[in-house]
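Keep the viewer open as you read.

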Amino acid sequence: MNPRDRFVDRYKEGTTPWVHENPDFNLIEIVENWPIHPCKVLELGCGTGVEAIWLSKQGFEVTAIDGSSIAIDIAKKAASSADTSCNFMVSDFITDNFEGEYDFIFDRGFFHSFDDEEERSFYASKVASLLSPRGMWLTLVANSDSPPRDSGPPTRSARNIIDAIEPRFKLLTLTVSYFGNNQDNPPKIWVCLMRNR
Ligand SMILES: C[S@@+](CC[C@H](N)C(=O)[O-])C[C@H]1O[C@@H](n2cnc3c(N)ncnc32)[C@H](O)[C@@H]1O
């Protein structure tokens, strides 16, 4: 099921525990340690825009979409306060016809929202169709090896990720980390970087 409506409601209610102030260190480490130089980047499910704004400040040409107009309004204001420009758009990644060619695609906690294998494969195929031939996709995915929690994001196994990305992507790195946010006990994640095949 497309999670968009659920998230739109959560922004309306103000129950958005994923909202964070500083750019996630996992994105920063990947950009600094891999050959990811300023280029055309697309962020999917960008929320309030923290990572999109960081990428823009590094010289990337950023398009960032989210299904929630509340999130995008906050992101636009934050970009203006940070004196940087990103192309923020309200858009449904699953149902909207999306065009363009990007060298780098990033999502933090969006790909993992899909419970069905078929939906995750569809998501991966859509990402592949928007990437340049050697383009890279970085996804941060809550990790199913986490100890049980009362609440938190849906979690996925390494196999869930691999099943969705094969055969479209070549896996570059799959490591265990935790969400970079201001929580005391942030969820464990997979940091998965792939290249278009
Ligand atoms: C867990 S939140 C993560 C937000 C942001 N990446 C962050 O880390 O703060 C998932 C985001 O995906 C967005 N989303 C859900 N379904 C979507 C869809 N079909 N199209 C675009 N965005 C969607 C939600 O509105 C939400 O902002």
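Start at W34. This is a predicted model, and in it W34 is partly exposed, because 15 other C-beta atoms lie within 10 Å, whereas a buried residue needs 20 or more and an exposed one has 12 or fewer. W34 sits in the loop between α2 (25–33) and β1 (40–44).

Among contacts in the protein with a separation of 6 or more, 69% join residues 24 or more positions apart.

Now step back to the whole fold. The protein has six helices and seven strands. Their order along the sequence is α-α-β-α-β-α-β-β-α-β-α-β-β. The radius of gyration is 15 Å, close to the 16 Å that the globule rule gives for 197 residues, so the protein is as compact as a globular protein of that length. Along the principal axes, the C-alpha trace spans about 40 × 40 × 35 Å. Buried residues make up 40% of the 197.

Next, the interior. In soluble globular proteins, nonpolar side chains tend to be buried together. Here the largest nonpolar core holds 54 residues. The members that touch the most others are V41, A52, A64, A75, I105, W137 and V141. Strand β5 gives this core its largest share, seven residues. Take W137 as an example. Leaving out residues up to four places away in sequence, W137 touches I105, V127, L131, F169 and M194.

Helix α6 gives a view of packing against the interior. The helix covers residues 158–165, and its buried residues are I161, A164 and I165. Viewed down the α6 axis, these buried residues fall within an arc of 90 degrees, so they line one face of the helix. What covers them? The cover includes α5 (117–130), β5 (131–142), β6 (169–178) and β7 (188–196).

Last, the ligand. Which residues come nearest to the ligand? Of the 22 residues around it, they are F7, G45, G47, G67 and G109. Helix α1 (4–13) and strand β2 (61–66) each supply at least two residues of the shell. By class, the shell has 10 nonpolar, eight polar and four charged residues.

Terms used
Residues numbered from 1 in each chain as written. Predicted model: local features only at pLDDT ≥ 70, side-chain atom pairs only at ≥ 80, totals over all residues. Helix = DSSP H or I, 4+ residues; strand = E, 2+ residues; numbered from the N terminus. Rg over C-alpha atoms; globule rule 2.2 N^0.38 Å. Contact = placed C-beta atoms within 7 Å. Arc of directions from axis to C-beta. Near = placed C-beta within 6 Å. Nonpolar A, V, L, I, M, F, W, Y, C, P; charged D, E, K, R; others polar. Core = buried A, V, L, I, M, F, W, Y, C linked by C-beta atoms within 7 Å.
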